[in-house]
Structures are given as C-alpha cells and as structure tokens.
Amino acid sequence: MLQRFNALGDFLSARVPGYRFQVQALSGPELEQEIEAGRVDFVLTNPVHFHLLREGGRLSGSLASMVLRHGDTPVHGIGGVIVRLPDRTDLATLTDLRGRRIAVSGRESLGSYMAPAAELLQAGVPLHELHIVETGQPVDRVVEAVLQREVDAGFVRTSVLEDLEREGKLQPGQLVHMNPQQVPGFALRLSTNLYPEWPFLAAVHVPPELSHQVALALMDLRPYDPAALQAGLYGFSIPADYAAIERVMRELRMPPFDQLPTVTWTDVWLRYQLWIVSLGLSGSLVLLLALGLGFNTRRLVRIKRELQADRALLQQQREALDRLAHYDPLTGVPNRRLLEDRLQVALARARRQASRLAVCYLDLDNFKPVNDLLGHAAGDRFLIEITRRLQQGLRAADTLARLGGDEFVLLLADLSHEDEWQPVLQRLLEALRQPVQIDGHAVASSASVGVVLFPAAPDDPADPDTLLRHADQAMYQAKQEGRNRYRVFGLKA
C-alpha cells in the first residue's frame, strides 16, 4: 500500500500550499486507534471499513470517491462476480445455488462476498441454505477451488477474472459468470449491482477550508499523472452515495449492524457462579435469576430499539437540514449554493479531460401575469410544472437549478463537441412552449435563455461567477430581442 499510494501524498503536498502529506499504511485496528487519538487527518479506506469507522463519529463525510482503471478506461464502481464451470448447466439461475458449496475468500469483502450475498437474498435464496467455504486470501484460491471442482461456484470481485486472464493464470472461457449484468460504460464482467469505490475522508478536526482544497486537488488528479499510474487509479470523482452499501451490510447483519450477542448459560455461570455455589441447588433462586436475566435482556433490546429510533430521527433531521441548505424548497432542484459547487467541479473536470460545458440562464417570459391573475398558489404550481418539463428533457449528467422567482440555470456538462448543447436546449424550449393547465386555465409558457460556453477560447480562465454573469447578460439580450428565444454570450444574433 505504501508503494502504491506514496506518490499520492507527494501529489497533494504539491497541490495544497503550506501542507505536507505523509502516507501511512495501517491495519484496521491500528487505523481506528490513530483516529481515536487524533493523529490522522485524512483517511482512504474501503467502503465497508468506512461504515465501521463512521460509528466513532470522528470522520466527516466523503470528500471524493476513488475511480480505478482497467487499461486506459475508468472503472466506476465495484461489484461481485459469481463464477461456475461452463459444463455446470444445472446452475442456470441464482436460485439453482440453493444447498450448493460456494467458495469465498472471506466474509468482510464487499465484492467477494457481500454484493453476491445480497443479490442471492434479493433472488429469494436464504443464505443459511448455502454451504460457504472460506478459502482465505489471495482470491485466486476461490478460482482454483471452482476449477478443481471442490465447490459448485465461487464469489470474486469485479476485475479478478480479467486480471487473471491478463496474467496468464486463467484462460478465456474456463469460467462462466452467472446472472450477467450490463451497465453502460462498465466493461468488466459483473453479476451484481455496482457499488462505489473507496472514499477519501477527513477527520472532524481538519478545517473545512483545508478539506475543500484537498477535494479540489483530488478532482484535478489526471489519469496519466505519476500518482495515478502508480496507484492504478483513473482519478477521483465527486463523493458517491454510500447508503446502498450500508443497506447491504444491514441486510447481511454485518458489523456494526449485527445483533446483540446471545446470552448463554456459560455467561450466566461466569457471572453468578459464587451465588450458585453458595446456594447449591436452590432451584427457586436459579429460576428467579433466569427470570431477572430475561427481563434485563428485554429491557436492553427495548433500549437499543429506542436508541436506533433516536439515531434514525437525528439522521433524518441532518438530511432535512442539508436539503434546506442545498435544494430549492418549492421545486426540489439544487439552489445557487449547490449549483456553484457543481459548476466548480464541472469546470475542473472539463479542464482535466479537455471536454466542454454550457451554462444556460433561463428566465420565464410570462410568470408575473400568472401570479397577478391567478394568485401565488397557482404561480407555485406553474413553477413546479415548468421544473418537471425541464428535468424530463435533461441528460443524466446535467444539472437543473433554481436561483429564485422564475429564474433557472441549466448546467450541461461533459459535452464532446461544441454544438452538442443545442438539441438539448431546443428540446427544452419546445417543451416549455406547450401551454400549462392551471385551475382550468391554459397558461402560455415560454422562456428567454442566455447561453455561455466553456471554454470560449484556449486557456479560458472562467470561474462560476463569471459564467453565470455572462449567461445572465445573454439572457437579457434574448429578452430585449423579443423573448421566447436564446442567445449565446459573445455571439451576435
């Protein structure tokens, strides 16, 4: 790990002025001890361990998510692969694995156990009906156990089969993967859902401004930087949603979401042996102790349930506060604050990948008459319907934000050529031209749009404020020219 990630520390030291970053490789218990003592500032770990560490409350949320590489291709996510021999046609579906022997390297791995196990649960296969055989590391032992017919099937993480074939340890076609999944942009064999890769985290004592600098530096790591090549990374992306991994861990009852330990008679003897010895075979007293123990156990279960409910309520309140800070309360789309963050990230990615983006400043042409004639409640419904139409016309990578009133901003990112934004915007304007039904009234709808493109010229030094200001100026030009149209900043009509 030191050899793999040491250059990442040098990269951050060069990109974050005034700070020196030193990489340490620690085992799980060692890392937990160092975090508790406050001797660790940032953490890069696997997503399962992230949920274990998060219980201590000394880490922030994810600053960025790691993106691995397969050759020159980014690998966005990790999943599991369920393998069998080609002649085992009796194992056609996941339900055919009931009662079979399954090889895994260990139960703590997301890709090599948890993801396939969750897939089987979803298919209706109880895990207690499987005969799990733990081979230990390396994961090559799982593949060998399947090839030697010591087990019926095996669980491995994504990229293992491709790596073994590249190293000549496995021939193409020697193994078949079950329940194949097709995910756009993901070229590796896959049998399960995809989950996010390792998160990069900050300790709670790290100043927010330093965390922000580190996040921006990680986003700027290019695929062919020495630090990326040495670590086998394509780079880092914006923080992924790790809630799906927590759901899997809860379904499988993995620590820290496992049940309370079962109380045994051995526990009772060790705790109450002096009483039992002193009172002999007093059956009545033993019965009373057993009843008291059962009562305490039920009380602990109730307390745990109440604590879990309190924690769930606190989590809901935190999420509600976060949503108020970053999303428009009426339409549910991002507000100006979140738009500026996404625009900053999109600009960094566009510079790094030499791609393009377009910022469209949209102002409705006829919103004030709706409010004046039909009332503010009707105006709110009008804005909600306009938001719905805009969202339906956008691509998955785009962002729609509301700045207030009837002003919206569209961020069209990852454009491969300079005119790719035009059909998207024309499709949206056409959708807005359709009348909106409000309280039995057909309200005409249209918008004036200002567009600014990045980069407008080589080495364009634009920032979010400049792009929004230029897009606003182009929108006013469209208003002055008659509305219901768009204008590009810097271009004459």
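The model is predicted: local features need pLDDT of at least 70, side-chain atom pairs count only at pLDDT 80 or more, and totals for chains, interfaces and linings use all residues. Residues are numbered from 1 along each chain as its sequence is written, and side-chain values use heavy atoms, with hydrogens and water left out.

**Whole chain.** Select everything. The C-alpha trace spans about 100 × 60 × 55 Å along its principal axes. The chain has 16 helices and 17 strands (DSSP runs numbered from the N terminus: helices are H or I, at least four residues; strands are E, at least two). Of its 493 residues, 43% count as buried (buried is under 20% relative accessible area, exposed over 50%, partly exposed in between; 1.4 Å probe, protein chains only).

**Helix α2.** Select residues 28-36. Leu-31, Glu-34 and Ile-35 are buried here. Look down the axis of α2: its buried residues fall within an arc of 100 degrees, so they line one face of the helix (the arc is that of the directions from the helix axis to the C-beta atoms). Now turn to the other side, where Pro-29 and Gln-33 are exposed. Next, show β1 (42-44), α3 (47-54) and β2 (59-70), which are among what covers the buried residues of α2. Just after α2, pick Gly-38, with its positive phi of about 75 degrees.

**Helix α10.** Select residues 265-279 and find Trp-269 in this helix. Trp-269 is partly exposed, at a relative accessible area of 38%.

Conventions:
Contact = heavy atoms within 4.5 Å.
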